[in-house]
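Thanks for making time this morning.

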Amino acid sequence: MPELPDLEVAKTVLNRILTGKIIEEAEIGNPILLRRPTAEAFTQEMQHRSFKAFQRYGKILIFHFKPEAQLYINFMLAGRLKLQSPSTTKQKTMGFRFKLDTGWDLRYVDSRQMGKLYLLLKDEPTSLIPKFDEQGPDALDSALTLEVFQQRIKKFNAVIKHVLVNQRFIAGLGNAYADEILFAAHVLPFRKRSSLIETEIDALYSATTSVLQHAIAVITSRVDDTLQFEVRDFLQVHGKGGQPCPVCSTTISSVKSGLRVANFCRQCQI
Ligand SMILES: [Zn+2]
C-alpha cells in the first residue's frame with residue numbers, strides 16, 4: 001500500500017511533470033470510489049482545468065487545479081496512479097482517467113476498490129471530507145517538534161503501534177513505517193504508550209523523521225517518471241517475518257493484530 005514516503009515521491013514527480021498541463025477529457029471508471037460529487041459532475045468539472053500544484057497531507061494526495069478546485073485522493077490499501085498511453089486497455093479497476101494535453105493518460109486504478117476520491121470546488125471546506133480535519137500534524141511537518149510530539153502522544157493510551165498509525169496523533173504513518181520506526185527506536189510494538197519512558201518517546205520522534213527521510217531518499221533514487229514504483233526491499237523488518245534481523249540475526253517475529261501484521265525483533269526491541 002502507498003504510505004507517506006511513496007506519496008511524497010509521487011507528489012514531487014507529479015509537480016515536476018504535470019504542473020501546467022491541461023485535462024482535455026475526464027472519465028470515471030468505477031463510480032463507487034468517487035465520494036463527491038456525482039460522476040457526471042466530476043467529468044464536467046475536470047474538463048479543461050489545468051494542474052496548479054500537487055500536495056500531500058498524511059496519506060492523502062491533493063491535486064490543486066486552475067480554475068480553483070481540489071481533488072483529494074485517499075489510496076487506502078491498493079490505490080495507484082499510472083501515467084499510461086491512452087491506447088492502454090482500460091483497467092476494470094480504474095477509478096478515473098484524465099486524458100492530458102501531453103498525449104498521456106493519468107489514471108487512478110485500485111485493485112481493492114477501497115480508495116476514496118473527493119472533489120472540492122472553489123472554497124468548499126475540507127470538513128466535507130470525513131475525518132480529514134481530525135488529523136494530527138503531518139509526520140514531516142517542521143512544526144512537529146519534539147515538544148509537540150511529546151505533548152500529543154500523552155493523549156493516546158493504546159499500545160504504541162496503534163498510536164503511531166492513528167492519524168489523529170500524527171498523519172502519515174501506516175503499518176509498514178510504524179514497524180520500521182519502532183525497530184529503529186528499539187521499542188516493541190505492543191508496549192502500552194503509558195509504559196514508555198521519556199528517552200523512548202524521544203527515540204520514537206527521532207526515528208519517525210530519520211526513517212521517513214531515508215525512505216524518501218531511497219525511493220527517489222530508484223523511480224522514473226511513470227509513477228509505477230513499489231520499492232520496499234530496503235525495509236529492515238516490515239514484511240521480513242521469519243528472516244534474520246539485519247542487526248542481530250534473531251528471527252524477525254510476525255504477529256497478527258486485527259487486520260495488521262506487526263514485524264519486530266524480540267532481541268533489538270524492548
Ligand atoms: Zn535484532
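This is a predicted model: local features need pLDDT of at least 70, side-chain atom pairs count only at pLDDT 80 or more; totals for chains, interfaces and linings use all residues.

**Sheets and spaces**

Residues are numbered from 1 along each chain as its sequence is written, and side-chain values use heavy atoms, with hydrogens and water left out.

That pair belongs to the contact between strand S2, residues 34-36, and S9, which run parallel and are joined by two bridges; two strands count as paired if DSSP finds at least two bridges between them. S9 also pairs with strand S5, residues 69-74, this time in the antiparallel sense and over six bridges, with Ile-73 opposite Leu-117. Taken as a whole, the open sheet has five strands in the order S2-S9-S5-S4-S3, with mixed pairing. Its edge strands are S2 and strand S3 (50-57), each of which pairs on one side only. Neighbouring strands of this sheet are turned against each other by 20 degrees on average, direction ignored, the axes being lines fitted to C-alpha atoms, for helices over the stretch in contact, and angles running from 0 to 180 degrees between N-to-C directions.

At the S3 end, seven bridges join S3 to strand S4, residues 60-66, and the two run antiparallel; here Phe-54 has Phe-63 in S4 as its bridge partner. Helix H1, residues 4-18, packs on the sheet and touches S3 and S4, its direction making about 165 degrees with that of S3, where contact means heavy atoms within 4.5 Å. H2 also packs on this sheet, touching S2, S4, S5 and S9, and its direction makes about 55 degrees with that of S9.

What is the strand order in the open sheet of four strands? The order is S1-S7-S8-S6, with antiparallel pairing, and the edge strands are S1 (23-28) and S6 (79-84). Helix H2, residues 39-46, lies across S1 and S7, running at about 170 degrees to S1. S7 (residues 94-100) and S8 (residues 105-110) pair over five bridges, and Lys-99 has Asp-105 in S8 as its bridge partner.

On a 1 Å grid over the protein atoms alone, a cavity is a set of points where a 1.4 Å probe fits but cannot get out, a pocket is an open set with protein on both sides within 12 Å along at least five of seven lines, and lining residues have an atom within 4 Å of a point. Grid points are joined across faces, edges and corners, and a volume is the space filled by probe spheres set on the points.

The largest pocket has a volume of about 1,000 Å³ and is lined by 31 residues, with Lys-59, Asn-74, Met-76, Gln-167 and Arg-260 nearest its centre. Why does it lie between domain 1 and domain 2? Domain 1 (4-134) and domain 2 (146-264) both give residues to its lining, so the pocket lies between them, the bounds coming from an automatic or database domain assignment.
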